[in-house]
Amino acid sequence: MDKMYYNGIELTDDLFDKIPLDEHLSEESGYSNYSYWRSTFRTFFKSKLSIFLVVVILALSLFSFLYPVFSSTDPQQITLDVDKWNMGPNSENWFGTDGLGRDIWARTWYGTRNSLLLALVIAVIEVGVGSIIGAIWGYVRKMDRFMIELYNIITNIPSTVYLILLSYILEPSFTTIVIALASSGWIVEAKFMRNKVLSLRESEYNIASQCLGTPLRRVVSKNIIPHLISLIIMEAALTVPYSIGSEVFLGFIGLGLPLDTVTLGNMVNQGRANFMLYPYQMLYPTIVLCIITISFYIVGNKFADASDPKNHV
Amino acid sequence: MKKYIVKRSIQSLITIWIVIFVVFMLLRLMPTSGYFTRDDYLTMTEEMRQAYLKSIGVLDPPLTQFKNFVINLFRGDLGRSITVYPKLSITTILKEKIGYSAAFGFASIVISMGIGIPMGILMARYKGKLIDDLGTFYSVIVRAVPSLIYLFLFQVWVSKIFGLPMLFYKNRPESWILPAISMSLSSIAWYAIWLRRFMVDEANRDYIKFAQAKGLSESYVMKNHVLRNAFVPIAIGIPSDLLLIISGSLIIENLYSIPGMGGLLIDSIKQMDNNLVQALVLIYSVLSVLGVFLGDLLIVLVDPRIRLTESED
Amino acid sequence: MDTKILEAKNIVIKFNLRGKILTAVRNSSLDLYKGETLAIVGESGSGKSVFTKSFVGMLDKNGWIDEGELLYDGKDLAKFKTEKEWLSIRGKRIAMVFQDPMTSLNPLKTIGEQIREVITWHRNTPKDEAKKEAIEILKMVGIDDAEKRFKQYPHEFSGGMRQRVVIATAIACRPDILICDEPTTALDVTIQAQILKLIKDLQKELNMTVIYITHDLGVVANVADRVAVMYAGQIVEYGLSNEIFKDPKHPYTKALLLSLPQLGLKGEDLFYIKGTPPNLYREIKGDAFALRNPHALKIDTMYEPPFFKVSETHYAKTWLLHEKANDNLVVEKLEHNGKQKKELNKYNEKKEVLVSLRNVTVKFKLDGKQFKAVEDVSFDIYKGETFSLVGESGSGKTTIGRAIMKIHPVSEGEIYFKDKLISKKLKKDDMKAFRQSVQMIFQDPMASLNERAKVDYIVSEGLYNFKLYNDEEDRKRKVEKAMEEVGLLKDFLTRFPHEFSGGQRQRIGIARALVMEPEFIIADEPISALDVSIRAQIINLLNKLKDEKDLTYLFIAHDLSVVKFISDRIAVIYKGHIVELADSDELFENPLHPYTKSLLSAVPIPDPDLEKNKKILIYNPKIHDYSINKPKWTEIKKGHFIWANDKEIDQYKVELDRNQYDKEKN
């Protein structure tokens, strides 16, 4: 028999031998390498800005929480020495001093810590309570009517007005601000989660759980919450700039934290009064505050984009 | 369609009354010192105070107070101011203030739609390009930085650069410029960001792909399909914006000393004028409910799906 | 038919997906002749859609034509860069119809406007004239009262009508080529047949060339002059429609045709293709189908085969056609001739009622309005049988399944399982027993598994709920056994669902039901979301499990052809009413209700000769006059029930007698 060629390859007889079917290989070949979390983080960290801002947030938080450990400067230490009042930035007082001679550098870091703490507490309560109630709200049909009405009422009162109203009624304090912000914020979070849950609830895997008689507790923890985690992270991140902004606003209208509490909001408002003469007293804390709010805002949004499967391209 | 409007009207009416009721009840928690002028409060003995409170009816059961309030409301009587404009009827005060707030509010809506909408369109059209990045940068600043901070710095710096007055004077038109612009700063970003987002969402829809498959050019599809559809949710918010301009901006009216409604709320809180706080808070809430309601009516005009599904039965 | 109108040469299309390059179309060539209808057949991911989208420059933004030429009208479309170049072709010369008519039209614009704008855009026709033309086109696609309809919005049209509008839009500029991307997949069978006929008529009238992209071989047989089969991004065989259906040469084409449930015989396994299609991220060496081909040759794993000529018009890309391979060429026969049909009357002997529905009505509230999804439905399911419920979308078939599952509450009537009333609130123990013995299999394997849980948890979920295991080891053993029974490896347990293909996921769903050791399984369209080559796999599996475990099935489907092969009895449901119920054979031999007849007439047949000549009956519910004489559920013949009034029953009886007479005469 003549030799046969195809594209310069000799086609020998043994090439046409039968080979057995490998079941394992034929099953494996369709294997897809897509993973939700891997893709989310890949998309998120693809942006250099995101990495940078995450580092900024971590560094600022770490620094402000550790500052009291390695610094002995008391942020409340006032001095009667008039020369030490309203000093511009110098080698000893890096950010200068205020009208009572208090060191602004130290106050800035104590303020950052307190403001972050406040924002964090609000974020945890608001998003935490919101997600849990939202998950249940979405799942239990009977609650819907009542909750929707409640939502309409709370959100129909403009949030600033509500904030003002509550702060006016209650004594100004850390708790008041937390209550004022969280008590209107939670239902917005809950509604957001509820909408997401409603779409999840009708999906077949949840019907499957119903068919298997899975109790509500496990449905929420296994079927619902894991799908909401990315939303929860994003919402928590976005709550931070909002809380800090609200604290500044309340300070402005005279309903903020007591003046002796060191927070960025109070510092900004106190600095504003002297801005014409001593702009640095407002500007330095403001810069730190803006870095924090902007970083959280961008990170929250970037994460929201990254966690959307549509962007996993 | 009629059925929808009637149904929606009744719903809003109910919501308005629930909101009024809830806010009114919350206001019963206001510190009672807010019913006295400062001098009266200091000179009176505790017994005299109680007797006075009893005489003006604030010690009655809350429901009775609510009944009396509603009866007065229908007579057009919102009570009298206590500390801010002692003994003056609140309706008289408001009549004078509303004009200022409305004028600035209207100017700001024109400015912010005039700039924000084209900006959103350009950002969507050139998504990922320089103009989109610039727009995004602007909106991140405006949304993440607490508004008090950028409004204040805007006032101080821009007035210096352009030699414009820092405060509002009724008869100096050039002093109107800065407040009107600063009132638009955040809503420009609001319009731009949401229009961009809605347009990007629309652009991914099947019918937009089909419109492109028909051979229509990208700019034609953008204008006649994407923008047209994306504008619907924006349009729904417009009545709300128009209504709320009456309430004025709390921060800006205070910063520029504009004698409007927003500044009045802050004054009434700082001076603890319970009656004025109550009237203003209620007005704000009712305006906001009305805005949502009018927006829902507008949907009927712009979205045929609602218009027609409702008319079928 | 000899003029080439479009020529695709060695097209390679790549996508950038999650940082990796995916080759969606690998070196495919295609000639299109003027006036012909070409069908491109393939499964999801075969690249058929991407391939044709490149003809109008509509690839997604992350995709591009990497190599090759697209010759049309003296130009190479593959070289087109600017939008302007494409605008002279797209929509005007080559138009496209998309799969889902529900999302293809802008909901905020009148349908007239959406047609008119194309005419104005491409031809600069003034608005008034374009409007007149648009109305003409609407009439042409069979829309009555076109002047009035012109001003209406998409949501005022039904799915079938919307697809007509979409087609009207596509043909508005009288294109040379019309590409139809699965134009009927989203539609009900009876509507599907009408749309196919419309496209055929339009093609003749406008002298168009039509490309169909479809996975449905019934559609192909109905419409195509020529067929091209795609697998893993390549055309593997093409030829005249008859050649492909009667004498397929590529092992993939053969397997596809063989695995059609329509061709199956009751009681016998369907032919099926093992495994899953390959991953296009990797470079494919040799013949892409070799891994799944039981007759693969050694050379298949090494070199890509060339096209071998079968006839002037018929070519196939497989080494099996090489002269040296002749000895090894094993040919499956397309007909199961001579094989005896197994008698499967097991259920007849016992006739023990397992599930019983008595006058069941299910009501829903939608936007504050109540409507009855299911009305006054009664039937029994016997132990050991496969009972099928067939109806179009919105007929209430899924609702019945879910009412039995106690997911939707029953508004009126009773449901019994093993003589126990279950359509009320059950005690905890009874509920446990019920949940264990009744299980469900779902339609969409992509949606029915929790993406964030491991397969191990998914399969064990029911066991956890009722603590149906002694210890951890016992649970593991049970889960592994279930996996083995559905043909999956136990290594898969630690993986997440996204790592599996549709068919594999569906088998995980079956394992989840099996592990509970149920007696009764409701299978809600378990194969309609799967690719053709996978469907047979799942049907065989369900049949095997039924025999081994003595299961009873309620099989919900929209397509009679699938059901015929597997069911003992069939109930046909229309708008919440069961209109006819009979033994499978009886129903196919003596369909009485006009709706059943119309469903039967619309069943696609994978045989071009039969399919092209078939007559479609259109059901018009208005023929029933129930104003005085109310219909009732009547047993017209032993085991054959029908929803009819007295007058109709008399007519049906006459019809039955005549059928009987005809049969005996022959």
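## Confidence of the prediction

For the complex, the predictor gives an ipTM of 0.82 together with a pTM of 0.83. Within chain C the mean pLDDT is 87, and 95% of the residues of this chain reach 70 or more.

## Overall form of chain C

Chain C contains 23 helices and 24 strands. Its C-alpha atoms fill a box of roughly 75 × 65 × 55 Å along the principal axes. The radius of gyration of chain C is 27 Å, which agrees with the value near 26 Å that a compact globule of 666 residues would have.

Of the 666 residues in chain C, 48% are buried. When contacts in chain C with a separation of 6 or more are considered, 66% of them are accounted for by residues 24 or more positions apart.

## An open sheet in chain C

Four strands of chain C form an open sheet, in the order β2-β1-β4-β5, and their pairing is antiparallel. Its edges are β2(C), residues 20–33, and β5(C), residues 75–76, each of which pairs on one side only.

One residue pair can be named here: Lys75(C), in β5(C), is the bridge partner of Tyr72(C). In general, the strands of a sheet pair through backbone hydrogen bonds, in either a parallel or an antiparallel sense.

## Helix α4 of chain B

Helix α4(B) runs over residues 62–74 and has 13 residues, reaching 19 Å from its first C-alpha to its last, which is close to the 18 Å expected at 1.5 Å a residue. Because the number of buried residues among the 13 of α4(B) is 0, this helix lies largely in the open. Just after α4(B), Gly76(B) takes a positive phi of about 80 degrees.

## Contact between chains A and B

In this interface, 30 residues of chain B are in contact with 29 residues of chain A. On the chain B side, at least two residues are supplied by each of the helices α1 (2–27), α6 (130–144), α7 (147–162), α11 (250–255), α12 (261–270) and α13 (274–302) of chain B. The largest share of that side comes from α13(B), which gives 7 residues. By class, the side of chain B that touches chain A has 24 nonpolar, 4 polar and 2 charged residues.

## Contact between chains A and C

The contact between these chains takes 42 residues from chain A and 47 residues from chain C. On the side of chain A that touches chain C, at least two residues come from each of α1 (23–28), α2 (36–46), α8 (204–211) and α9 (216–252) of chain A. Helix α8(A) supplies the largest share of this side, with 7 residues. Sorted by class, the side of chain A that touches chain C comprises 20 nonpolar, 14 polar and 8 charged residues.

Conventions: Residues are numbered from 1 along each chain as its sequence is written. Chains are lettered from A and ligands numbered from 1 in the order in which they are written. This is a predicted model: local features need pLDDT of at least 70, side-chain atom pairs count only at pLDDT 80 or more; totals for chains, interfaces and linings use all residues. The expected span of a helix is 1.5 Å times one less than its number of residues. A residue is buried if 20 or more other C-beta atoms lie within 10 Å of its own, exposed if 12 or fewer, and partly exposed in between; C-beta atoms are placed from the backbone. Two residues are in contact if their C-beta atoms, placed from the backbone, lie within 7 Å. Ala, Val, Leu, Ile, Met, Phe, Trp, Tyr, Cys and Pro count as nonpolar, Asp, Glu, Lys and Arg as charged, and the others, Gly among them, as polar. pLDDT is the predictor's confidence in each residue, from 0 to 100. Two strands pair if DSSP finds at least two bridges between them. The radius of gyration is taken over C-alpha atoms; the globule rule is 2.2 Å times the number of residues to the power 0.38.
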